[in-house]
Amino acid sequence: LHAARPLHTSQQRLAPLPPLPEKGGEVRHGLIPEEFFQFLYPKTGVTGPYVLGTGLLLYFLSKEIYVINHETVAAACILSVIIYGVKKYGADVAAFADKLNEEKVAKASEVKNEAIKALETAIEEEKKEQWRVEGRSYLFDAKRNNIAMLLEANYRERLLTVYNEVKKRLDYQVALQNLKRQKELDHMVQWVEKNVVQSITPQQQKESIAKCILDLKALSKSAQVA
Amino acid sequence: GPLSTRRLMDVRLGELPLWLATRDLSPQGLLGGVQKAWSRYCDKYINVRRGGAAGISMLLAGYCILSYSWNYQHIKCYRWRKYH
């Protein structure tokens, strides 16, 4: 659909419809439009049409173009009843019809108003959403911060794990060395003791025991004296 | 304006035959004219917010007159006097 030809150029189109006129054309005595009286007014004044009407009536009656018979009586009775009815109940019927019309219009305009309100609330919501979009950057910053913190925490956890593992291995090595040294020490001490005990010959044993007895005697003498 | 575009009420009496000659007197034209006249009458007296009795009373009066004129030959027999 090319937009070359112009659309909606003429003025009056179908929507919105122009509103109905408030009152119909003016009619005098319910039968003769007001335009007839205005048409004759410049030439004959106010009484012109009435004179014309009377003249025509007398002409029709005298020439018996209108014949008076039973139908005339019937027409007179019917017309009088109709006119009496209209004069008495016309206003009430008009009010009732106006009320019906009012209700119809009120229903339609209610639908229209509801639609307008719904659309307006939709517009408000849309504007609010658009305002919310502006806060996108803050949201993403917060998310980025969260993620950075998570990464940092994870990195530190792993660092701690590595440290602990390395420490365990080093401790093991240290403990191993200590154990080895302790074992060597113990073994050497045992060996020295064993050799020393072995080297104490019986001769030396006797001599050392005699010496000890002599020392004890000397000590006991000094103790007796003291 | 020019004769062909004027409405009936704006035409002078002397120009009436000339004006009639410019109108579209084919069946479709006549039918179109009748439809337009009827729709104008309706828009003026019936399709209004607060119409009165005038709308249909004029139609009924027109119908009475028309039916009287169709039956005139029969009604003429019931005259009261022979010479008028």
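Does A:Glu64 count as buried or exposed? At 7% relative accessibility, A:Glu64 counts as buried, where buried means under 20% relative accessible area and exposed over 50%, with partly exposed in between (1.4 Å probe, protein chains only). This is a predicted model, in which local features need pLDDT of at least 70 and side-chain atom pairs count only at pLDDT 80 or more, while totals for chains, interfaces and linings use all residues. Residues are numbered from 1 along each chain as its sequence is written, chains are lettered from A, and side-chain values use heavy atoms, without hydrogens and water.

**Confidence**
- The mean pLDDT (the predictor's confidence in each residue, from 0 to 100) of chain A is 90, and 93% of the residues score at least 70.
- In chain A, strand β1 (residues 27–28) has the lowest confidence, with a mean of 87, and helix α4 (residues 136–199) the highest, at 95.
- Helices (H or I, at least four residues) and strands (E, at least two) are DSSP runs, numbered from the N terminus.

**Positive phi in chain A**
- A:Glu64 is not a glycine, yet has a positive phi of about 50°.
- A:Glu64 sits in the loop between α2 (48–62) and α3 (70–134) of chain A.
- A:His29, also a residue other than glycine, has a positive phi near 60°.
- A:His29 lies in the loop between β1 and β2 (32–33) of chain A and is exposed, with a relative accessible area of 61%.

**Contacts in chain B**
- Leaving aside residues up to four places away in sequence, B:Tyr41 touches B:Ile46, B:Ala54, B:Gly55, B:Met58 and B:Leu59, contact being heavy atoms within 4.5 Å.
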